[in-house]
Amino acid sequence: MDKKFTILESNTTYNGFFKLISHTIQHSLFQGGLSQAYTREVLERGHAVAVLLHDPQLDQIVLIEQFRIGAIHSENPWLIELVAGIVEPGELPEDVAIREAEEECGAQIENLELITSYFNSAGGSTETTTIYYAHVDASTIEGVHGLDSENEDIRVVKMGTQDFLNKVTNNEFNTASLVTAGYWLLSKVSSHAF
């Protein structure tokens with residue numbers, strides 16, 4: 001199959017905190033030929049970076065907790081998450097990890113190791129998330145952080161590495177980047193590659 005697609009028309013239908021673009025597209029079909037032209041909206045969210053902060057000396061994981069609008073219909077919209085942020089124009093993902101660790105919990109990253117990168121929901125959004133692992137000194141990380149200009153109210157959450165892994169495998173977390181990073185760390189611990 002010769003995989004091709006054509007964007008026939010694009011219109012920005014909303015441009016606020018997020019951008020919504022309506023695309024009229026046509027693409028190759030697996031059984032040959034072309035699809036009918038059809039329209040889909042796509043959320044232009046930007047690209048995210050998340051980082052799993054770990055102190056191997058104190059055997060602790062550093063996470064954050066904050067209110068999330070997308071979780072308002074759940075039992076608890078204050079979610080436990082990895083430190084994370086959006087890539088600004090001209091920024092490298094590594095720079096975002098370093099910046100967000102400082103902004104969201106006051107952490108100084110000692111190293112970065114790439115875990116993975118993935119599309120969050122390619123059926124309707126262009127957003128990707130790149131996840132890193134980094135060493136930190138958890139003894140220096142406490143309190144509430146965030147930028148007033150972004151209405152952030154972010155609380156540091158620390159837990160032992162084994163407690164964290166138990167919560168991952170018991171489905172106690174509900175954010176994709178945290179669960180992905182948790183299973184990555186579990187594989188490292190299980191294989192003694194950690």
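R155 counts as partly exposed, at 40% relative accessibility; here buried means under 20% relative accessible area, exposed over 50%, and partly exposed in between, with a 1.4 Å probe and protein chains only. This is a predicted model, where local features need pLDDT of at least 70, side-chain atom pairs count only at pLDDT 80 or more, and totals for chains, interfaces and linings use all residues. Residues are numbered from 1 along each chain as its sequence is written, and side-chain values use heavy atoms, leaving out hydrogens and water.

R155 forms a salt bridge with E65, with the closest N and O atoms 2.4 Å apart. A salt bridge is a side-chain nitrogen of Lys or Arg within 4 Å of a carboxyl oxygen of Asp or Glu. E65 lies in strand β5 and R155 in strand β11 (residues 154-160), so the pair ties together parts that are 90 residues apart in sequence. Strands (E, at least two residues) and helices (H or I, at least four) are DSSP runs, numbered from the N terminus. E65 is buried, at 16% relative accessible area.

Next, E127 and R45. Their closest N and O atoms are 3.8 Å apart in a salt bridge. E127 sits in the loop between β8 (113-119) and β9 (128-135), and R45 in the loop between β3 (38-44) and β4 (48-55), so this pair ties together parts 82 residues apart in sequence. E127 is buried at 11%, while R45 is partly exposed at 27%.

K4 and D2 also form a salt bridge, at 3.3 Å between the closest N and O atoms; both residues are exposed. E91, R99, E100 and E103 are linked in a salt-bridge network. The count comes to 9 salt bridges.
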